[in-house]
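Here's a quick tour for anyone opening this one for the first time. Take a look at the picture, then work through the points below.

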Amino acid sequence: MHAALLPLIALATGDGAHAADGHGAAHAAAAYADVGTLQFAKATVDTSYGWLKWMLLAPLASVALCGAFAMLKVRGRLPALFTVASFAVAAVLAVTVYRQWGPTLFSTHAPLAVPLMDWLTFRWGDGPFQSFTANFGLYLDGISILWILFVTVLATLIALYASEYMESDVKAGYARFFFAVSLFVTSMLILVMSDNLVGLYLGWEGVGLCSYMLIGYYASQPGAVAASKKAFVMNRVGDLGLALAIFLIWTNYGTVQYDGLFQAIASSGAGTVQGSWSKAAIPFLLLLAVCGKSAQGPLFTWLPDAMWGPTPVSALIHAATMVTAGIYLLARMAPFYTVQAIGSEWAEPALLTVGWIGCATAFIGATIACGQFDYKRVFAYSTISSLGYMVMGLGVGTAFGGVYYVFTHAWFKALLFLTAGAVMHGMAGQVDFRRLGGLLRVPGFRITMLCMLLGCLWLATAPFSAAALSKDIILYQALTSDVEQVRWMGWLGLLTAGITAYYAFRVWFRLALGPVRIEPGPDQHHGHDDHDHGAAGHGHGGHDHGSHGAHAAHSGGHGHDAHGFHPHPPGLRINFVLVVLAVGSILAGLPTYLEKSEGFNWIQRFVQNSSAWIRATGGPEHGQILGRDGHGTLFVLATGVVVAGIALAWVLHAGNRALGDRLRDSMLKTPGLKWLARGSEHGWYVDAVYNALLGVPLWLGAQVLAFLDRFVLDGVVFAAVGRLPGFLARVFQPLYVGTVQAYALTMAGGIALIFAWVVWIWLSGGAS
Amino acid sequence: MNPVQPLLAAAPLAPAMPANVQLTLALALILFAIGLVGFLTRRNMILMFLSTELMFQAAALAFVAFGRMWMDLSGQLMVIFILTVAAAEAALALGLVVLLYRRKETLSNEAWAELKE
Amino acid sequence: MTLAVLLIVLPLAGALLCLAGTERTAKTVGLLAGLVTLGAAVMMAREFPAWGTADFWPNQEGWRLFTAFGVDFLLGTDTVGMILILLTALLIPCSMLVSFGAITQRQRGFYAQFLFMEAAVMLAFLARDVILFYIGYEFTLVPLFLIVAVWGGSERRVASIKLWVYSFVGSVVSLVGFIYLAAGNASAHGGQMTFAIDALSQYGASLPASTQWWLFLAIMGGFAVKVPFVPVHSWLPLAHGEAPTAGSVVLAGIVIKIGQYGALRFAFPMAPEGGLALAPFFSALALVGILGMSLVCWVQNDVKRLVAYSSVAHMGLALLAMFAFNVVGMEGAILYMVNHGLSTAGMFMCIGIMYERYHTKDMEVVGGLMQRMPVWSVFMVFFAMASLALPGLNGFVSEFLCLMGVYTADHGVKTGFPGILGPTYAFLAALALILGALYVLRMLQRFVFGPLREPHDAQHPPGGEAHGAHGHHAVAHDLNLREVAAMAPLAIACIVIGIWPKPLLDTIEPAAAKVVAPYVELIQRAPTAEKPSDGLALNAGSPLPASPAAAGEAAQ
């Protein structure tokens, strides 16, 4: 606790983020892509941890039970009970393994390996490249333990929340919902605990499937179904990268199991890898996979549409856990982004690409979020932006910063989504913040709005918040870097922080303050509360235009009757979860303040004892920004942009809303600025561009191919060939008059001909 | 290399043909010709059937003749086989003829030409 | 031997019993015969001593049917055949079970045809003589033709004729190759005619490369029609489109597998040099099939045609993996036969059940069935995911192995996988992952999800089958127990193979290695086959022993 006495400013800006390197102090101030000697602790195989399989089997049992309930059409609340209980079991086991293995891990750096069961394994020779092994096995190092800790705890909380939130579906998809959520947690745990890349791929696609099922949960809504398909297909693009990366890794290192792989990388040495495309391609293919799962770069557009899913799903899958799988993959595969693994020619470009993808996504996500009126979509874009920050963290060279931000983000973004869900739940699915207001004063919503305030503060990275502590590590690392491009990323990141502060409070000021205003949404019967929130996004559904009907189909069913509407304040379970998450969000910053062990804080030790240890620091200790002391300057700058952002939001959306509205109107009327407002509102038309450049041409090409196949190849070519015997038959047809005698005569004639031929050969001496 | 060559090569050379065999074969040929002409010229299904029987017996006779020539019992074996088949076939064919007659009240085969396109 | 004969005789006897019985008993008799055959197959699998080897069993002398032409009635099979026999024995009763409701006319003939088909397929998988195989292979056409032509949809005449002509022409082309081999073999061995597979394989491999080129083209070309390969695939969509449900199940699950089995058993071992020389050609065709047909799937509205085209794409991948000439790819390809059989058969069952209720296969007409038939939707989504190669389900294992086999096919120095394919092929083939997601999800989007759309009664065909009795307002009901019983075994098999593929992989491996071995030897003999790519150059410094253990092991 003595750490709390240290100067707050230094703490807030990530002092302590850097420390002596545990494996070799030689490169404390490591060069960007050149990290010196690579060295990894070998995993300790300990089968006495076999009980860890219950972490997977408990949610799997819930999958089976919920599935049975869904198939047998049993109505009831039991599925929620199974799910929460099984997640709680998993959480307890996660904490147990942390407590049991953590000390060993932190002292010896050795990950825990627990083989469970054979899966894909075969040998065809005795050489090092003549076998392939990808089994079910667990591999627990720092980052996997960190991930299972927050995944299981958050999953338990969110499942508890969902048990109330989904209450109106008890007679419909309740069991199906919890089936998918349980399957999701199982897959997510497989993803982070597997001891090999193929197992990771299993989890990777498994969470993708669950995401697909849950985005399309309201299956009668064409928009939801289109969104789910879009998510799956875009994720598949990323999966393709992962699959190819796995092949490349195997052909280069002869193994896909982490333990052997890291040893192989370490022993391959820097000198031998120059100019090898097959190694240089690995980090880029992995990045493609990350782009798919974490909605980065060119593949970000599926995430906003994923908001068609029920809000707890958005919180759990599309904010806190699944989308961070990409960050996990980057951290896990961090050794590939070094000169030592792939050679000096490509290591720096690979790392810079990661940084720029993250940085650009963070910026673009933030700019789009400013133009949304659907508060859930604002949070969706903020997630894209935050994920961009994390990816940028790894790109600028601090896995610690990225992972720390994953951890804090998981708490406050889950909190934000759940408060958004509580509002939607209470307001019959109203998602447009222009139609709501003053909710802070509506009875029953105070806890919700206060929690949302906390979430917005954290999203805006208010000074001293957990989010700021983690995000500033990334910015500090970027701004103090030796590489000029990385410094540029830092400046752009700083600007993004300001924009983030603005749009976060734009939502909160509009929703919480001002005169009370409640226009209920389309779901007055509280049946399907999330149905219509895709309003701003409908029509983005890709090539087929099935999603257009969402609104029309819906508005027919429900009358918008504002007069008889009573908001439905959140109940005990929802409020409990919100408060717990709020406390969690606050406490997530504690690792920075609490005592450090050997110079590392709690989160940092996880990173330090994982395959990402080479990126476990957070910038040089006495770095300089703009020629001044790094920590102080960054604190001033970061605080400045955040305060500026919040102040702007205050002016436009709380203090003088009329001004804000007028500003927007005049922007829309000014030809030069119109594109800015419209573009931001429509996600810079990325979907439309994809549709025009890829979707439509491909669709037309497929139509042409189908036509060629059916009518040209089959209809003309083969039909012509097929007619040939028919034409020949016409020549001889007159011989066949229908009487038996005629046939017999033909036959006899034929025999006579053959006979004559034989005789002729005989006579001419041919058969001698 | 002609793949069919070994098949031809495997066939044994024919020995000189004794006169009685030639006579028997001539009889078989005459029988066959009678049967063939009968089959081709008649329209009555029973007569046509009888003609095919004649052709059968011609073939059987040839078998016996060749069997005698090679001093091989296979020829006679085949004759017994043919007789058995012919008996069975006669039973079937006559039954068919009766059925066909019942359908169209005629024995002429011209009544049945439906396979013609 | 007894069991092997029983596998052929039991379905034949069942078929005759079906025909001898009445319309009402036919389905029971048929199902029982199918189940008894399944029992026999399981018993044979339990007794089968050759699991995990490349040997044949039973392996004793058979009878000779014709002395003159050396055709042996010699039965016996290896691991691959045994697995396919099990698949056949499983799919036939399932497909009969699923048609209980749909087939209301000429039931005796219907169930008898399936059992005839089963007997023929069993003969093909059990034959150790080319002609015997050919008899079984050809005979499958007769019941299939009848099934499509008698119980098929509105275009059944065209479909059945096309099915017949394509398959028949294809197999005749193969037959020419076989006869050429047998005749040549006879002349090389003093006129002793034989059609034994082993003898012909030995002889074929000894022929000059140019002869083998033609030989491979003939044999493989014939089987390519059945597989089917682009551009001789166009009989399949039509046949699937018109066949009754069970017909599609058997066609996709079993019959087209005989094509791949034939390639594996005959084309590859009988003309290795030809196979090597023609590999680029067939690989290119396979790639065209994978990508082109996946795209074509995307725009189909008739769901049975869609699944048929997807079969062309999937089998293209399996064949591509075979042309990678390495153990991994070959294992993947063999497993693919089973997995594609299971998942596609399941999909066709789902579609057939839906067709039974709505009399349409058009995804523009029916949709949102999750609200009407939730259990059906579960199965539909499940089998769709299996065919999408979702990890944890069976399709993934084989697809992963196939892609890996193709990918690693040029890393001969390290892996003992000297091949002619490589990352480029693998990358192109892997694009099917995305295209597959596109068309499968589009199908699910229309059929399973979205707002409920049901056709009007007007769309029922005149004299509609069983539904006339229920009146016009009958609401489609969800799966009944019988239908679940027909599909559940397939679903369980999908999961088991997905999670626990090791026994299968282990047992397939020697057989796969045996097929691959001559190719490995050939490529390693030729100095030009190894083109140095920059990825390899680094490791070339420490080459491993050139002859991989698998080749040596399998040569025995």
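Two residues are in contact here if their C-beta atoms, placed from the backbone, lie within 7 Å. With that in hand: of the contacts in chain A with a separation of 6 or more, 81% come from residues 24 or more positions apart. Keep in mind that this is a predicted model.

**Chains A and C at a glance**

- Chain A has 28 helices and seven strands, and 58% of its 768 residues count as buried.
- Chain C has 22 helices and four strands, with 64% of its 556 residues counted as buried.
- In chain C, 79% of the contacts between residues at least 6 apart in sequence join residues at least 24 apart.

**How chain A is divided**

- Domain 1 of chain A is pieced together from 1-29, 396-521 and 571-681, while domain 2 covers 698-763.
- Taken over C-alpha atoms, the centres of domain 1 and domain 2 of chain A are 79 Å apart.

**A sheet in chain A**

- Three strands of chain A make an open sheet in the order E1-E2-E3, and the pairing is mixed.
- Strand E1 (44-45) and E3 of chain A sit at the edges with a single partner strand each, so each has one side without a neighbour in the sheet.
- As a bit of background, strands of a sheet pair through backbone hydrogen bonds, either parallel or antiparallel.
- Strand E2 (residues 112-123) of chain A runs antiparallel to E3(A), and nine bridges join the two.
- Strand E3 (residues 131-140) of chain A is mostly covered, with seven of its 10 residues buried.

**The cores**

- Which residues touch the most other members of the largest nonpolar core? Among its 490 residues, they are Val403(A), Ala414(A) and Val406(C).
- Leaving aside residues up to four places away in sequence, Val403(A) touches Ile143(A), Leu146(A), Ile327(A), Ala331(A), Ile603(A) and Val607(A).
- There's also a second, separate core of six residues, including Ala28(B), Ala60(B), Phe63(B) and Ala65(B).

**Chain B and its helix H4**

- Is helix H4 of chain B buried or in the open? None of the 31 residues of H4(B) is buried, so this helix lies largely in the open.
- Helix H4 (residues 74-104) of chain B should span 45 Å, because its 31 residues are counted at 1.5 Å a residue; the end C-alpha atoms are 44 Å apart, which agrees.

**Where chain B meets chain A**

- Nine residues of chain B are in contact with 10 residues of chain A.
- On the chain B side of that meeting, five residues are nonpolar, one is polar and three are charged.

- Phe139(C) belongs to helix H5 (residues 130-139) of chain C.
- Why does Phe139(C) count as partly exposed? Phe139(C) has 17 C-beta neighbours inside 10 Å, and a residue needs 20 or more to be buried but 12 or fewer to be exposed, so anything in between is partly exposed.
- Phe139(C) and Ala119(C) are 20 residues apart along the chain, and their C-alpha atoms are separated by 9.1 Å.

Note on methods. Residues are numbered from 1 along each chain as its sequence is written. Chains are lettered from A and ligands numbered from 1 in the order in which they are written. This is a predicted model: local features need pLDDT of at least 70, side-chain atom pairs count only at pLDDT 80 or more; totals for chains, interfaces and linings use all residues. Two strands pair if DSSP finds at least two bridges between them. The expected span of a helix is 1.5 Å times one less than its number of residues. Domain bounds come from an automatic or database domain assignment. A nonpolar core is a set of buried Ala, Val, Leu, Ile, Met, Phe, Trp, Tyr and Cys residues joined through C-beta atoms within 7 Å. Ala, Val, Leu, Ile, Met, Phe, Trp, Tyr, Cys and Pro count as nonpolar, Asp, Glu, Lys and Arg as charged, and the others, Gly among them, as polar.
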